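Here is a short briefing for a first look at this model. Keep the sequence and the 3D view side by side as you read.

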Amino acid sequence: MPLRSAPSPRKRLLVHLSQAVETLGLRRAPSTHVVPFAGALHGNVKVQFFEVTPREFGHFENVSNALSRLDQGTYGRCECCNRRIEADVLIEAPWATLCRDCGHQGSQP
Ligand SMILES: [Zn+2]
């Protein structure tokens, strides 16, 4: 992915957010969810959904937190050492809260 043609972080985060909301919104449905399907011959498509996982919800939280940091002007700053997060880290994960050094210490599985 060429770095210089990357879209703005806000734009990328909004794309991620809408995907996360979509995932959560659909999966939170307790049972079979009926989706009106335009163009279908006979109405609706039924889809079975599963419980939302903590990982999916965590992703949603990460993305929405990143957007609020953009609004507050603290986006792109490491929460641990307060330095700027490397651009390529943010390209890979626009919701990153740690620079590469701190991230490698804290969040390894
Ligand atoms: Zn750091």
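How many residues does helix 2 have, and how far does helix 2 reach from its first C-alpha to its last? Helix 2 has 19 residues and reaches 26 Å, close to the 27 Å expected at 1.5 Å a residue. The model is predicted. The protein chain has four helices and two strands.

**Overall layout**

- From the N terminus on, the order of elements is α-β-β-α-α-α.
- The protein chain has 109 residues, and 13% of them are buried.
- Take the contacts in the protein chain with a separation of 6 or more: residues 24 or more positions apart account for 46% of these.

**Confidence**

- The protein chain has a mean pLDDT of 75, and 65% of its residues reach 70 or more.
- Confidence is highest in helix 3 (residues 87–92), at a mean of 93.
- Strand 1 (residues 33–36) is where confidence is lowest, at a mean of 48.
- Over residues 35–42, pLDDT stays under 50. For this stretch the model has seven contacts beyond four places in sequence.

**The nonpolar core**

- Ten residues form the largest nonpolar core. They are Leu 13, Ala 20, Phe 60, Val 63, Ala 66, Tyr 75, Ile 85, Trp 95, Ala 96 and Cys 99.
- Helix 1 (9–27) and helix 2 (54–72) are the elements that give two or more residues to this core.
- Helix 2 provides the largest share of this core, three residues.
- Val 63 belongs to this core. Leaving aside residues up to four places away in sequence, Val 63 touches Leu 13, His 16, Leu 17, Ala 20 and Trp 95.

- Phe 60, Val 63 and Ala 66 are buried in helix 2. They lie on the same side of helix 2 because they cover an arc of only 125° around the axis.
- Gly 73 follows helix 2, and its phi is positive, near 80°.

- Leu 24 and Thr 53 are 29 residues apart along the chain. Their C-alpha atoms are separated by 8.9 Å.
- Lys 11 is also found in helix 1. Lys 11 has 11 C-beta neighbours inside 10 Å, so it counts as exposed.
- Lys 11 and Leu 67 are 56 residues apart along the chain, and their C-alpha atoms are separated by 9.8 Å.

**A positive phi in a loop**

- Where is Asn 82 found? Asn 82 sits in the loop between helix 2 and helix 3.
- Phi of Asn 82 is near 70°, a positive value in a residue other than glycine.
- For background, most residues other than glycine have a negative phi.
- Asn 82 counts as exposed because it has 10 C-beta neighbours inside 10 Å.

How values were computed:
Residues are numbered from 1 along each chain as its sequence is written. This is a predicted model: local features need pLDDT of at least 70, side-chain atom pairs count only at pLDDT 80 or more; totals for chains, interfaces and linings use all residues. A residue is buried if 20 or more other C-beta atoms lie within 10 Å of its own, exposed if 12 or fewer, and partly exposed in between; C-beta atoms are placed from the backbone. Two residues are in contact if their C-beta atoms, placed from the backbone, lie within 7 Å. A nonpolar core is a set of buried Ala, Val, Leu, Ile, Met, Phe, Trp, Tyr and Cys residues joined through C-beta atoms within 7 Å. The expected span of a helix is 1.5 Å times one less than its number of residues. The arc is that of the directions from the helix axis to the C-beta atoms. pLDDT is the predictor's confidence in each residue, from 0 to 100.
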